[in-house]
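Below is a short exchange of questions and answers about one chain and its fold.

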Amino acid sequence: QCDWSSDVCSSDLAIYQNILKRMESGITAPDTSNRAALSAVYWQQALNSLFGKGLIKKEKKLELDKLIYQKIKSVIETDINQDGWYKEGAPLKFNPHYHLVTAFALASYAEITGNIEIYFIAKKMTENLRAISFPNGMIEARIGMRPVGLGAQFYLGTARSEEHTSELQSH
């Protein structure tokens with residue numbers, strides 16, 4: 001049952017409490033780099049939502065915000081070079097798909113946190129993709145360490161990433 005005058009239904013409260021109990025462990029759990037970037041966005045959105053519902057105190061939110069930021073920073077320090085290219089593996093090699101996924105995750109994180117530093121990294125990564133793309137937005141599939149799989153997810157993601165960073169820039 002829901003009391004519609006409240007942001008929280010009693011039936012949802014148990015779910016929210018279970019998420020809160022696991023949040024810190026989930027945030028600090030090891031991830032591969034691009035999954036860490038996505039995970040940080042998911043956790044930040046969940047944290048913001050639960051905070052907005054009054055289910056978490058400001059001090060705890062700030063503590064978890066820092067952990068999420070550390071997750072994002074570890075991705076940047078590990079797999080994004082100074083020129084804004086995502087590289088993975090040993091030796092480090094460019095991967096267009098994960099470059100895109102990570103750029104979009106960083107842009108999303110920047111949007112929901114207002115973090116300008118992360119926004120500019122996402123913007124540079126998006127510009128880098130645009131620089132190696134054909135005029136129609138396609139990218140040579142042989143570029144990078146994984147030459148196959150640049151299908152709909154990649155191209156639609158590239159279009160959305162460009163739109164996303166343009167929207168952020170206009171704010």
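This is a predicted model: local features need pLDDT of at least 70, side-chain atom pairs count only at pLDDT 80 or more; totals for chains, interfaces and linings use all residues.

Author: Residues are numbered from 1 along each chain as its sequence is written, and side-chain values use heavy atoms, with hydrogens and water left out.

Reader: Which pattern does the chain follow along the sequence?

Author: Helices (H or I, at least four residues) and strands (E, at least two) are DSSP runs, numbered from the N terminus. The chain has six helices and two strands. Read along the sequence, they give the pattern α-α-α-β-β-α-α-α.

Reader: How many of the 18 residues of α4 are buried?

Author: Helix α4 covers residues 96–113 and reaches 26 Å from its first C-alpha to its last. That is close to the 26 Å expected at 1.5 Å a residue, the expected span being 1.5 Å times one less than the number of residues. Buried means under 20% relative accessible area (1.4 Å probe, protein chains only). Helix α4 is largely enclosed by the rest of the structure, because the number of its residues that are buried is 14.

Reader: Which residue caps the N-terminal end of α4?

Author: At the other end, just after α4, Gly114 takes a positive phi of about 75 degrees. At the N-terminal end, a side-chain oxygen lies 3.0 Å from the backbone nitrogen of His97. The capping residue that supplies this oxygen is Asn95.

Reader: Which residues touch the most other members of the largest nonpolar core?

Author: A nonpolar core is a set of buried Ala, Val, Leu, Ile, Met, Phe, Trp, Tyr and Cys residues joined through side-chain atoms within 4.5 Å. The largest one has 31 residues, and those touching the most other members are Ile80 and Leu106. Helices α1, α2, α3, α4 and α5 each supply at least two residues of this core. Beyond four places in sequence, the contacts (heavy atoms within 4.5 Å) of Leu106 are Ile72, Ile76, Ile80, Ile118, Ile121, Ala122 and Met125.

Reader: What is the relative accessibility of Thr102?

Author: Thr102 lies in helix α4. Leaving aside neighbours within four places in sequence, Thr102 is in contact with Asn34, Ala37, Val75, Ile80, Tyr86 and Met125. Among these, Asn34 lies in helix α2 and is itself buried at 8% relative accessibility. Thr102 counts as buried because its relative accessibility is 0%.

Terms used. Buried means under 20% relative accessible area, exposed over 50%, partly exposed in between (1.4 Å probe, protein chains only). A polar contact is a pair of N or O atoms within 3.5 Å; within protein, one must be able to donate a hydrogen and the other to accept it, and residues adjacent in sequence count only if both atoms are side-chain atoms.
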